[in-house]
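Dear colleague,

I am passing the structure on to you with this email. My notes on what was found in it follow below, and I would be glad if you read them with the coordinates open.

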Amino acid sequence: MAAKIRSYLVQWTVFVPIIALVALALTWSRHLSMPVVVVAACLLGGAVLAAVHHAEVVAHRVGEPFGSLVLAVAVTIIEVALIVTLMISGGEKTQALARDTVFAAVMITCNGLLGISLLVGSLRRHVSVFNAEGTGGAFATVATLATLSLVLPSFTTSRPGPQFSPAQLAFAAVASLSLYALFVTVQTRRHRDYFLPITTSGKVITTEEHLDPPSGRLALASLGVLMAALIAVVGLAKGVSPSIESGVESIGLPQAVVGVVIALLVLLPETIAAVRAAARDRVQTSLNLAVGSAMASIGLTIPAIAIAMIWLDGPLLLGLGGTQMVLLALTVVVGTLTIVPGRANVLQGGVHLALLAAFLFLAASP
């Protein structure tokens, strides 16, 4: 066992996150030159790949749906820390950063991750099969959270502009956290079988028969390295974000594009994990990651931002604009039609990817 662990510790998936953390410590709160930005970006990519590997090790040990939940919650917690950190240091230009990042995360997960997972799964098996009861309930929760937190602020009248009053923000935070906690209880305890992967014939897969699960010590080591890799991913993303902001401003793109880029960087580990699961005919696992990440992004971010606003100055702009609301409504309708049958093909995957393309284009050209 000791020899196995020593062999594990010399793999690149352990060394890269450590090097990335060292680079993060050396570059934290410093202005980075272009060569350093390039090196940081390479280390960020390596940390993403390492995070996916260790997330899969942990997932194999604990099984579904706990495995996908571990990655979704870990990424979201660190994403929240990144948003709060940028809001503290960014001033007025970050008043809408939480909204832009959360909305981008919802669109990327519910259209990008979901669409590419269905596309990959359908190309492999012609038809992607998943549990409509579990995925449908999760998607309904995402739609409710998004409406309560991102749509209603544009229609309330207590405060001018697309923002909540303190009491309304507190209600949205409590409601978001409560719904997320209820979903986790349903996913992991009362109806765990709704979120287990199934074969094309509809048989539930409770264990991976072709591989022995890793030992507890190996899984704990992977969990530790996973957290280190995710911290490195988000920290390095923060480090290169000034270059991203400068690049966005230099080519005349809206400030909202910064939130989109941050969401894309942070969600890279989940994207790769979802695609690899779909390629192994584990479409349900991919959908757990996609919809669960969207839910965690709202359910954990809004309460954290609500607490942070106790000491943060300035308004918090949460309400979506008209174009964004249309895209969200179309995503909810199309997602519902995709999920209800419990079966999907390349057409549904292509439609969701088209919605993602529309979101990215309109974010850059509103």
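A residue is called buried when its relative accessible area is under 20%, exposed when that area is over 50%, and partly exposed in between, with a 1.4 Å probe and protein chains only. Please keep in mind that this is a predicted model, in which local features need pLDDT of at least 70 and side-chain atom pairs count only at pLDDT 80 or more, while totals for chains, interfaces and linings use all residues. Residues are numbered from 1 along each chain as its sequence is written, and side-chain values use heavy atoms, with hydrogens and water left out.

The twelve residues of α10 reach 17 Å from the first C-alpha to the last, close to the 16 Å expected at 1.5 Å a residue, where the expected span is 1.5 Å times one less than the number of residues. Just after α10, D281 takes a positive phi of about 65 degrees.

The axes of α10 and helix α11 (residues 283–308) come within 7 Å and cross at roughly 155 degrees, the axes being lines fitted to C-alpha atoms, for helices over the stretch in contact, with angles from 0 to 180 degrees between N-to-C directions. This makes α10 roughly antiparallel to α11 (over 145 degrees; under 35 is roughly parallel, 65 to 115 roughly perpendicular and the rest oblique). For α5 and helix α12 (residues 322–339), the angle is about 30 degrees and the axes are 11 Å apart, so α5 is roughly parallel to α12.

The structure also holds one aromatic pair. Because F103 lies in helix α5 (residues 97–125) and F359 in helix α13 (residues 346–364), the pair ties together parts that are 256 residues apart in sequence. Both F103 and F359 are buried.

Technical notes
Rings of Phe, Tyr and Trp (its six-membered ring) pair if their centres lie within 6.5 Å; planes under 30 degrees apart count as stacked, over 60 as edge-to-face and the rest as tilted. Helices (H or I, at least four residues) and strands (E, at least two) are DSSP runs, numbered from the N terminus.
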